[in-house]
Amino acid sequence: MKPLALLAPNRSNKSSPLIMAIMNVTPDSFSDGGKYIHIDTALHQIEKMISQGADIIDIGGESTRPGANLVSATEEMQRVIPLIKAIKQRFNIPVSIDTSKASVMAAAIDAEVDMINDVRALQNEGALAVVAQAALPICLMHMQGVPQSMQNNPHYNDVITDIIDFFKQRIAACSLAGIATERLLIDPGFGFGKTVQQNFRLLAQLAEFQSFKLPILVGLSRKSMIGKVLNCEVEQRLVGSVSAALLAAQNGANILRVHDVKATVEALKILNAMITA
Ligand code: 7PJ
């Protein structure tokens with residue numbers, strides 16, 4: 001297995017970002033809702049993404065798109081835990097669990113997940129304690145508000161400094177709970193309570209988050225900030241997504257969370273060819 005030491009903060013910025021491939025097992029995901037709820041279909045897609053160059057598979061069982069329905073812990077577990085086990089059995093690739101629920105995190109840890117990806121940055125009840133008991137990397141993502149209403153009227157004094165302040169607070173909370181800072185990754189949370197302009201400002205100034213000396217993860221793939229600029233639906237956002245991923249890579253992203261692995265890997269090869277020349 002590729003060690004998650006790959007995520008270590010001392011990876012040079014010039015080395016290519018890792019590809020985190022998205023596997024949503026939700027009936028209502030915004031871009032591939034319902035496509036992968038059957039385990040065999042999901043495993044087939046995962047095998048394909050691995051062959052295309054995915055470094056990590058991110059499994060999500062709760063849709064966090066704007067206005068999405070809430071899902072119970074039991075249902076979320078039924079969606080994700082068998083799949084995590086099946087991937088660990090068949091493939092040699094780190095698996096990340098995209099969840100905010102402490103009980104789902106605990107079950108995923110039992111199923112030998114390699115990383116936790118929390119869009120609520122361990123603010124849900126019990127999450128800090130569960131993660132403190134494990135020794136895995138954990139991604140803290142910024143979100144303003146809650147998915148049901150986060151896009152209604154996002155407001156910041158300054159989107160960059162407000163999010164930097166949020167990370168300072170969450171890193172301190174983790175530290176207090178016994179989670180070593182070296183285990184943390186940060187993600188500004190594109191599309192989570194941000195206007196299109198705020199999202200693009202985050203992309204332009206992504207390098208400011210390097211001040212934490214933690215790996216930076218970004219998810220831009222097929223998001224509405226791309227659809228708004230291109231005026232296109234979710235299935236027409238490939239070129240926009242890859243372009244945005246490339247800009248993020250140039251601006252300091254260490255992990256790119258994407259749907260389209262092959263296209264993103266090819267784009268990164270071009271960037272790398274330029275950098276190494
Ligand atoms: C993100 C995520 C993201 C991290 C989702 C979607 C919505 N986790 N989970 N960052 N987005 N870390 O894929 O559009 O941006 S779900």
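The largest pocket has a volume of about 450 Å³. A pocket here is an open set of points on a 1 Å grid over the protein atoms alone, where a 1.4 Å probe fits, with protein on both sides within 12 Å along at least five of seven lines. Its volume is the space filled by probe spheres set on the points. The model is predicted: local features need pLDDT of at least 70, side-chain atom pairs count only at pLDDT 80 or more, and totals for chains, interfaces and linings use all residues. Residues are numbered from 1 along each chain as its sequence is written, and side-chain values use heavy atoms, without hydrogens and water.

The lining of this largest pocket counts 29 residues, with an atom within 4 Å of a point. Phe30, Thr64, Arg65, Phe192 and Lys223 lie nearest its centre.

The ligand takes up the space of the largest pocket. Around the ligand stand 13 residues, each with a heavy atom within 4 Å. Asp98, Asn117, Asp187, Lys223 and Arg257 are the closest.

Now the polar contacts, pairs of N or O atoms within 3.5 Å. Asparagine 117 places a polar side-chain atom 2.7 Å from a ligand nitrogen. For aspartate 187, a side-chain N or O atom is 2.5 Å from a nitrogen atom of the ligand. Arginine 257 has a side-chain N or O atom 2.8 Å from a ligand oxygen. The protein covers 95% of the 390 Å² of accessible area that the ligand has on its own, by the Shrake-Rupley method with a 1.4 Å probe.

The second largest pocket holds about 220 Å³ of space. Its lining has 15 residues, and Gln45, Lys48, Arg222, His259 and Asp260 lie nearest its centre.

Conventions
Polar contact = N/O pair within 3.5 Å; in protein donor to acceptor, adjacent residues only side chain to side chain. Sits in = over half its atoms within 2 Å of the grid points.
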